Each structure stands twice: as structure tokens, then as C-alpha cells.
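Trainee: I would like to learn how to read backbone angles and the nonpolar core in a model. Please take the backbone first.

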Amino acid sequence: METVARIASVVLGAVFVVAGATKVAAGSTWVAQARQMGATQPVATVLPGVEILLGALLIAGVAVPVPALSAILLLVVFSVVVARQLVEGRHPPCACFGAWSTRPLAESHLLANVALIGIAIVACWA
């Protein structure tokens with residue numbers, strides 16, 4: 001089980017690093033997309049760095065299980081934000097991966113988050 005948990009941690013970490021890096025690369029476009037989702041300017045500015053740091057900790061296996069638990073918390077927050085947008089009938093572009101993800105928000109984004117939460121739960125045992 002430890003090997004599976006370690007793989008889950010690395011995979012989840014890679015997802016967070018890529019998500020953060022693509023947001024940084026998108027620059028002001030990312031901030032505008034985040035604002036459409038209801039994020040404040042400070043949150044939109046800090047989030048990419050948080051994702052990169054969290055991803056690096058997951059990949060390195062540092063302070064287990066804190067990074068995996070933090071990932072679960074962050075993914076739950078993301079899911080609540082997405083669900084709120086969908087309930088209100090809004091479908092702004094998904095900014096999950098910066099300029100790489102311009103598809104309008106849909107239920108599939110919630111399903112992806114549920115899958116990532118599952119991976120994070122497994123990563124807790126790394």
C-alpha cells in the first residue's frame with residue numbers, strides 16, 4: 001500500500017505543480033479568469049504559488065500527510081466554488097490549468113475534483 005500511496009502523492013503533486021505553473025504562465029489572463037469565478041485579487045495572485053509549493057511537497061514526500069490533507073482541503077474549496085457557479089447558472093471558463101483550460105465550467109470539473117480527492121486520500125498513507 002505504501003508504494004501505491006507514494007505514486008498517488010507524486011501524481012497529485014504533478015497535477016498541482018502543472019496547475020500552478022500554467023496559471024503563472026497565463027499571467028493576467030489567469031487573474032481575470034479567477035476573478036470571474038469570484039476569487040479576490042489576493043487569492044488569485046497567491047494561489048498559483050500555493051499550488052506549486054503544495055505540489056512540490058507532495059512529490060518530495062515532505063511532512064506526510066499534511067500536504068495530502070491540504071490538497072483535500074483545497075480541492076474541496078475548489079469544488080464548492082465550481083458548484084456555486086453551476087448552481088447559479090454561470091459557466092465561466094475553467095481556469096484550472098491557466099490558458100490550457102478554457103472550457104466552460106461543467107459537472108465534469110466536479111467529477112475531476114472528486115477523483116483528485118480520492119487520489120489525495122490514498123496519498124495520505126505515503
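Trainee: Where is Ala63 placed?

Mentor: Ala63 lies in the loop between α3 and α4. Keep in mind that this is a predicted model.

Trainee: What should I look for in its phi?

Mentor: Most residues other than glycine have a negative phi. Ala63 has a positive value, near 60°, and it is not a glycine.

Trainee: Is Ala63 buried, exposed or partly exposed?

Mentor: Ala63 has a relative accessible area of 48%, so it counts as partly exposed; the exposed class begins over 50%.

Trainee: Which residues does the cis peptide bond join?

Mentor: As a general point, most peptide bonds are trans. Here the bond between Val64 and Pro65 is cis, with omega at about 5°. Pro65 is also in the loop between α3 and α4.

Trainee: Now the core. How many residues does the largest nonpolar core have?

Mentor: The general idea is that nonpolar side chains tend to be buried together in soluble globular proteins. In this model the largest nonpolar core has 23 residues, and Leu12, Phe16, Trp30, Leu54, Leu58, Ala71 and Leu75 have the most contacts inside it. Two or more residues come from each of α1 (2-26), α2 (28-36), α3 (41-60), α4 (66-87) and α5 (107-123). The largest share, 5 residues, is from α4.

Trainee: What does Ala71 touch?

Mentor: Leaving aside residues up to four places away in sequence, Ala71 touches Leu12, Phe16, Leu54, Leu58 and Ala120. There is also a second, separate core of 5 residues, among them Met37, Val82, Cys94 and Leu105.

Terms used
Residues numbered from 1 in each chain as written. Predicted model: local features only at pLDDT ≥ 70, side-chain atom pairs only at ≥ 80, totals over all residues. Heavy atoms only, no water. Core = buried A, V, L, I, M, F, W, Y, C linked by side-chain atoms within 4.5 Å. Buried < 20%, exposed > 50% of the residue type's maximum accessible area, 1.4 Å probe, protein only. Helix = DSSP H or I, 4+ residues; strand = E, 2+ residues; numbered from the N terminus. Contact = heavy atoms within 4.5 Å.
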